[in-house]
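Thanks for coming. Please have a look at the sequence and the model before I go through a few parts of it.

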Amino acid sequence: MKTQVAIIGAGPAGLLLGHLLRADGIEAIVIERQSPDYVLGRIRAGVLETVTTGLMTKLGIDGRMNAEGLIEAAFNLASNDRLIRIDITALTGKHVTVYGQTELTRDLMEAAEARDLPVVYEAKDLAIHDIEGAAPFVTFVKDGAAQRIEADFIAGCDGFHGPSRKAIPAAAVREYEREYPFGWLGILADVPPCHDELIYANTDAGFALASMRSRARSRYYIQVPLTDRIEDWSEDRLWDQLSARFDPLSRHGVTRGPALEMSIAPLRSYVFETMRHGRLFLAGDSAHIVPPTGAKGLNLAASDVAYLSDALIAHYASGDDAPLEAYQGKALARIWKAERFSWYLTKLMHRFPEDGAFEHRMQAAELDYVAGSQAMQTAIAENYVGLPL
Ligand code: FAD
Ligand code: DHB
């Protein structure tokens with residue numbers, strides 16, 4: 001089989017890229033290792049920047065997002081029992097939208113057939129070949145049969161653990177990493193949120209986040225040591241922790257309910273600067289990871305894909321390869337700023353095991369400064385809503 005762009009991975013990056021290319025008449029095939037149900041079972045991001053919602057609108061796949069997404073004009077930072085409201089709309093004129101990654105992915109999956117975007121699910125043993133030559137191709141096994149797809153370009157949208165990044169020879173690699181000594185334990189439950197806006201809380205017991213998916217579905221996270229396993233946490237133990245942290249801070253208090261999902265995710269900052277090698281282009285988590293504080297991961301995947309789709313469209317429309325040459329530099333400029341913001345907010349809001357009383361005082365002083373400084377609040381708000389493309 002032959003196509004113009006072979007896209008590896010049907011997460012938000014791969015599906016968005018596929019739709020953006022198809023909307024311009026470019027042939028693309030998305031190849032995914034998992035089943036659709038598995039992809040939709042991964043509970044992840046919840047906060048979308050206007051860059052991301054704007055792409056859905058450009059594609060005309062925004063009906064459900066507009067109907068069900070919650071417009072958030074503000075969020076809160078908390079320093080123990082003190083709430084600091086960051087009024088992002090007053091400070092920047094913009095807002096973010098609360099709409100789950102699962103829902104966005106479902107909308108993109110459901111629109112694929114009608115828009116003639118083929119998605120191959122349950123593709124096993126995928127391998128990438130000849131990216132340095134003029135005729136790269138992808139091989140995989142589907143239903144026991146070996147498949148081969150030849151393409152002009154390969155887009156590696158296969159997340160942090162996918163094969164694309166690993167297909168780039170070691171001599172060409174430039175990468176930067178920082179791991180954090182804790183993870184986030186998350187719970188999703190059909191109970192009303194404790195507060196009408198998100199709260200990122202720095203408490204003596206550690207970081208906690210109160211988020212939501214709708215007015216009837218809550219999403220909470222707390223900081224846990226990397227050594228904790230999900231079996232160490234009963235639902236009751238987690239709800240006790242959440243109540244202790246958010247009852248004093250929130251308008252409605254924490255309502256408990258059965259967990260729809262509970263999981264632990266480690267925190268990491270990672271940038272793989274070699275986002276292009278020959279005819280392979282990386283986008284999304286395959287090239288970078290941010291710690292989730294600040295909600296940048298999915299939104300960065302969307303901005304990468306905005307740049308990459310424009311560059312591929314220019315190539316096919318006019319043979320102009322300058323945008324493809326510029327892709328890595330343009331994407332990295334935005335990625336590093338989002339990395340900085342996520343790292344900054346992670347350091348400001350978490351309890352690091354190596355920190356002592358002095359560092360805790362520094363965090364409290366900085367949060368006190370934020371509370372009294374419109375300049376600081378503006379800097380935080382403009383990063384939170386997302387820097388311009
Ligand atoms: P992925 O979503 O990882 O998709 C990659 C796809 O490639 C997967 O479907 C995978 O199955 C497939 N794949 C992998 N290997 C292969 C293979 N060999 N062959 C074929 N396919 C393959 N981001 C935000 O912006 N806001 C948030 O609020 C936020 N909260 C988060 C909370 C948590 C707990 C976590 C874990 C992440 C959060 N993120 C958030 C980050 C966000 O979820 C990711 O950045 C986003 O999923 C990246 O999309 P992607 O398409 O690049 O990668
Ligand atoms: C959610 C996740 C985040 O990482 C974040 O910063 C805000 C909200 C969420 O899952 O709702």
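Predicted model: local features only at pLDDT ≥ 70, side-chain atom pairs only at ≥ 80, totals over all residues.

Strand S10 covers residues 137–142, and six bridges join it to S11 in an antiparallel run. One of the facing pairs is Phe 137 with Glu 150 of S11. How many of the six residues in S11 are buried? The count is zero, and strand S11, residues 145–150, is hardly covered.

Next, the sheet. Three strands form an open sheet in the order S3-S7-S4, and the pairing is antiparallel. Strand S3 (47–48) and strand S4 (70–72) each have a single partner strand and stand at the edges, so one side of each is left without a neighbour in the sheet. Between S3 and S7, the latter being residues 96–98, there are two antiparallel bridges. Leu 48 has Thr 97 in S7 as its bridge partner.

Now the domains. Domain 1 consists of 5–72 + 96–177 + 268–345, and domain 2 of 181–267 + 348–385. Taken over C-alpha atoms, their centres are 29 Å apart. Each domain puts 18 residues into the contact. On the domain 1 side, S4, S7 and helix H9 (322–349) supply at least two residues each. Which of these elements gives the largest share? That is H9, with three residues. By type, the domain 1 side that touches domain 2 has nine nonpolar, five polar and four charged residues.

Note on methods:
Residues numbered from 1 in each chain as written. Chains lettered and ligands numbered in written order. Pairing = 2+ DSSP bridges. Helix = DSSP H or I, 4+ residues; strand = E, 2+ residues; numbered from the N terminus. Buried ≥ 20, exposed ≤ 12 C-beta atoms within 10 Å, placed from the backbone. Domains from an automatic or database assignment. Contact = placed C-beta atoms within 7 Å. Nonpolar A, V, L, I, M, F, W, Y, C, P; charged D, E, K, R; others polar.
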